[in-house]
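Please keep the structure in view while reading.

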Amino acid sequence: MWFTITHFVTANRWVAKKSANIRSLADLKGKTIVSTAARTNIKQITEINGAQNLGMNIISANGHPEAFQMVETRPRRAFVMDDILLYSLAAQIAHPGDYAISAEALSVEPYGIMLRRRRGVKKVVNAAMTDIYKSGQINPIYEKWFLKPIPRRAST
């Protein structure tokens, strides 16, 4: 697989209930940390845990909603993931103000579009992406997806 030029940059952070007072990496010492299985985020927090001897209990969830729910039901837990995903999940719950996403970033993560390895495709897509940025066409796209409130899901 190939990736296009970077089109978005996010950071690996954590979300926790404000009442848990988890404001820094040091505050995660001895806590249970959840992340989504098979993602680089869980690998990274595991490496940080070992390197800094934080004694965190790291568990994996089957998906982002399940991981967030683990924080909702267990207030001393934190969920480590790309901040853009954390913000979108927090925006969809009943009381988003009860949660805080860390100011501290564990890493910076560039996003690109994944492509199959086919001759010429990457060059064409990169050129189109570059044109979108240079022309300003990216501005309404960015505004729609990153600056407007996320609509709440309807209750069932």
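## Terms and model

Accessibility classes come first: buried means under 20% relative accessible area, exposed means over 50%, and partly exposed lies in between (1.4 Å probe, protein chains only). By that scale Lys43 is exposed, because its relative accessibility is 53%.

The model is predicted, so local features need pLDDT of at least 70 and side-chain atom pairs count only at pLDDT 80 or more, while totals for chains, interfaces and linings use all residues. Residues are numbered from 1 along each chain as its sequence is written, and side-chain values use heavy atoms, with hydrogens and water left out.

Helices (H or I, at least four residues) and strands (E, at least two) are DSSP runs, numbered from the N terminus.

## Salt bridges

Side chains of opposite charge can pair when their charged atoms come close. The rule here asks for a side-chain nitrogen of Lys or Arg within 4 Å of a carboxyl oxygen of Asp or Glu.

One joins Arg13 and Asp83, at 2.9 Å from N to O. This pair links distant parts of the chain: Arg13 sits in strand E2 (residues 8-17) and Asp83 in helix H3, 70 residues apart. Helix H3 spans residues 83-91. Both Arg13 and Asp83 are buried. Contact means heavy atoms within 4.5 Å. Neighbours within four places in sequence aside, Asp83 contacts Thr10, Ala11 and Arg13.

In the other bridge, Glu47 meets Lys43, with the closest N and O atoms 3.1 Å apart. Both residues belong to helix H1 (residues 40-52), four residues apart, or about one turn of the helix. Is Glu47 buried or partly exposed? Glu47 is partly exposed, because its relative accessible area is 46%.

## Aromatic pairs

Rings of Phe, Tyr and Trp (its six-membered ring) pair if their centres lie within 6.5 Å; planes under 30 degrees apart count as stacked, over 60 as edge-to-face and the rest as tilted. The count is two aromatic pairs. Phe8 and Tyr111 are edge-to-face, 5.9 Å centre to centre, with 65 degrees between the planes. They link distant parts of the chain: Phe8 is in strand E2 and Tyr111 in strand E7 (residues 107-111), 103 residues apart. Phe8 is buried at 14% relative accessibility. Tyr111 is partly exposed, with a relative accessible area of 25%.

Phe68 and Tyr99 form a tilted pair, 5.2 Å centre to centre and 45 degrees between the planes. Phe68 lies in helix H2 (residues 64-73) and Tyr99 in strand E6 (residues 99-101), so the pair ties together parts that are 31 residues apart in sequence. Phe68 and Tyr99 are both buried.

## The second largest pocket

On a 1 Å grid over the protein atoms alone, a pocket is an open set of points with protein on both sides within 12 Å along at least five of seven lines; lining residues have an atom within 4 Å of a point. The second largest pocket holds about 200 Å³ of space. Its lining includes Phe8 and Tyr111, along with Ile84 and Met129. Helix H4 (121-135) and helix H5 (138-147) are the elements that give two or more residues to this lining. H5 gives the most, five residues.

By class, the lining has 11 nonpolar, one polar and no charged residues. Ala, Val, Leu, Ile, Met, Phe, Trp, Tyr, Cys and Pro count as nonpolar, Asp, Glu, Lys and Arg as charged, and the others, Gly among them, as polar.

Terms used: On a 1 Å grid over the protein atoms alone, a cavity is a set of points where a 1.4 Å probe fits but cannot get out, and a pocket is an open set with protein on both sides within 12 Å along at least five of seven lines; lining residues have an atom within 4 Å of a point. Grid points are joined across faces, edges and corners, and a volume is the space filled by probe spheres set on the points.
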